[in-house]
Amino acid sequence: MKFSSKFGDVSAANTQSIVIARKNAQAAAKALGIEDRVQAALDSTKGSGGSAVSVFADKKPTIVAIVGSDGGVGSSQALAKDLAAAARTVAGTTARDVTIDMASFEPDDAYLFARQAVQAFANETYRFDEYRSKKPKAPTLSRLVVLADAESRGDVTRGIRHGSAIAEGLTLTKDLGNHPPNVCDPAFLASEAKKMAEPGRVTVNVIEEKAMEKHGMGALLSVSQGSARPAKLIIVNYKGGKTQKPVVLIGKGITFDTGGTNIKPSPGMDEMKFDMGGAAAVLGTARAVIEAKLPINLITIVAAAENMPGSRASRPSDVVTTMSGQTVEILNTDAEGRLVMCDAMTYAERYKPRAMIDVATLTGAQVVALGATAAGLFSNDDDLAAALAGAGDRANDRMWRLPIWDEYQDALKSPVADMKNVGGREAGSITAACFLSRFANGIPWAHIDVAGPAFRAKKATGRPLGALFQYLLDTA
Ligand code: BES
Ligand code: MN
Ligand code: ZN
């Protein structure tokens with residue numbers, strides 16, 4: 001889809017369809033000369049958050065989508081719901097283009113409105129049909145115009161630019177997640193990352209298993225040793241800032257998680273193709289940041305491996321030495337995410353980051369605690385946690401902080417090694433985060449567990465890219 005802006009009032013809308021907010025529908029209708037029809041639609045329906053009513057006119061714009069409640073919208077989550085309804089309604093028609101009448105929504109923040117509008121329409125028209133031999137028809141809708149008043153020109157233009165960048169990142173994140181795991185393996189993630197390289201601005205490096213051995217990444221290597229597909233540590237280095245220290249993002253890239261020797265039960269195992277959701281989200285974030293040319297330095301690291309029960313797979317009770325020197329007793333090979341992430345975290349120290357944020361589909365316990373609505377957020381730094389949670393709120397990509405108090409650390413005591421890789425049955429997301437916290441080594445660090453939010457109904461969602469982009473924008 002193409003996204004653009006136009007400045008003027010509703011009568012200037014030269015598209016087949018238009019979206020207006022219900023609370024100001026009549027003002028727009030007057031300008032379009034369709035007051036009676038709009039009034040009839042308002043009288044015969046009840047407005048509510050996330051609802052849309054269609055009205056049809058004789059002349060352009062012939063399709064009018066009236067969205068939301070009579071009271072208008074408050075939060076960014078409410079606005080996102082109304083915009084999604086608008087996009088769904090218009091994308092369901094034969095309209096090729098759509099105007100959204102920003103003024104009718106009376107947004108507090110024109111920048112965020114334009115950005116969210118772009119995201120909503122991009123999301124609604126996203127398709128993944130690469131593996132169908134007969135391609136379904138693509139949506140006809142291919143252009144969105146944000147119509148606004150001249151004073152908000154700067155904000156709207158920037159909102160559209162950032163919205164398009166985020167949409168591109170989200171497409172990458174979703175595509176990576178939706179590919180089957182026989183295609184999207186660690187080598188595939190590496191080659192997709194390499195496509196982001198740009199002379200002078202973006203460099204991409206891939207560390208192979210030989211080099212991992214030299215670095216002493218015993219934990220990461222223990223996960224891939226059961227698979228015929230070698231692990232890759234992928235590093236995307238974006239230099240958009242001057243001398244300031246970089247933010248490091250680290251993503252869990254388990255391209256398929258069978259559980260390994262502690263093999264998972266069959267029902268739902270297919271969903272473990274999404275176990276690279278963290279990796280996909282950080283790569284998509286890098287893509288969006290590069291596209292938006294944010295003035296920051298960003299290092300994106302992906303720990304990619306496949307967790308298989310091959311003949312060389314690790315066994316419960318194996319002990320490995322991590323790159324940090326700490327030893328780990330592997331008591332469950334299905335707690336593999338923390339094993340790949342801990343070595344990536346130690347590797348990240350060399351960049352002297354001002355913050356290190358890891359994203360992982362780490363625990364089923366996160367899904368039990370928070371579901372798909374909020375990601376689990378853990379941090380050793382209150383300011384970083386607050387900045388991320390706030391960014392998530394504004395970007396409608398929420399996360400909720402859980403504690404990593406010392407009391408929980410006790411669950412990781414091992415009879416033979418420095419720690420074991422699993423706690424008990426209780427507080428599984430927290431003990432997983434406690435494990436990772438031991439590899440932060442004084443760096444401000446946050447961990448985002450997206451086991452629930454990363455995919456929904458067998459489709460990748462792209463989360464938490466929106467929150468990460470907002471956080472990085474806020475730090476710029
Ligand atoms: N990849 C899973 C976590 C997961 C579960 C992601 C559901 C997405 C949806 C992770 O590697 C895992 O298997 N975790 C175990 C840890 C346990 C063995 C301590 C879990 O949560 O059961
Ligand atoms: Mn697992
Ligand atoms: Zn996993």
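1. Residues are numbered from 1 along each chain as written, while chains are lettered from A and ligands numbered from 1 in written order. Because the model is predicted, local features need pLDDT of at least 70 and side-chain atom pairs pLDDT 80 or more, whereas totals for chains, interfaces and linings use all residues; side-chain values use heavy atoms, without hydrogens and water.

2. Ligand 1 has 16 residues around it, of which Lys264, Asp275, Asp334, Glu336 and Gly364 come nearest (a residue is near if one of its heavy atoms lies within 4 Å). By class, this shell holds seven charged, five nonpolar and four polar residues, with Asp, Glu, Lys and Arg counted as charged and Gly among the polar ones.

3. Polar contacts are pairs of N or O atoms within 3.5 Å. The side chain of aspartate 257 places an N or O atom 2.9 Å from an oxygen atom of ligand 1, and a polar side-chain atom of lysine 264 is 2.8 Å from an oxygen atom of ligand 1.

4. Aspartate 257 coordinates both the manganese ion (ligand 2) and the zinc ion (ligand 3), which are 3.1 Å apart.

How values were computed:
Polar contact = N/O pair within 3.5 Å; in protein donor to acceptor, adjacent residues only side chain to side chain. Donors = N, O, S within 2.8 Å, 3.2 Å for Na, K, Ca; no water.
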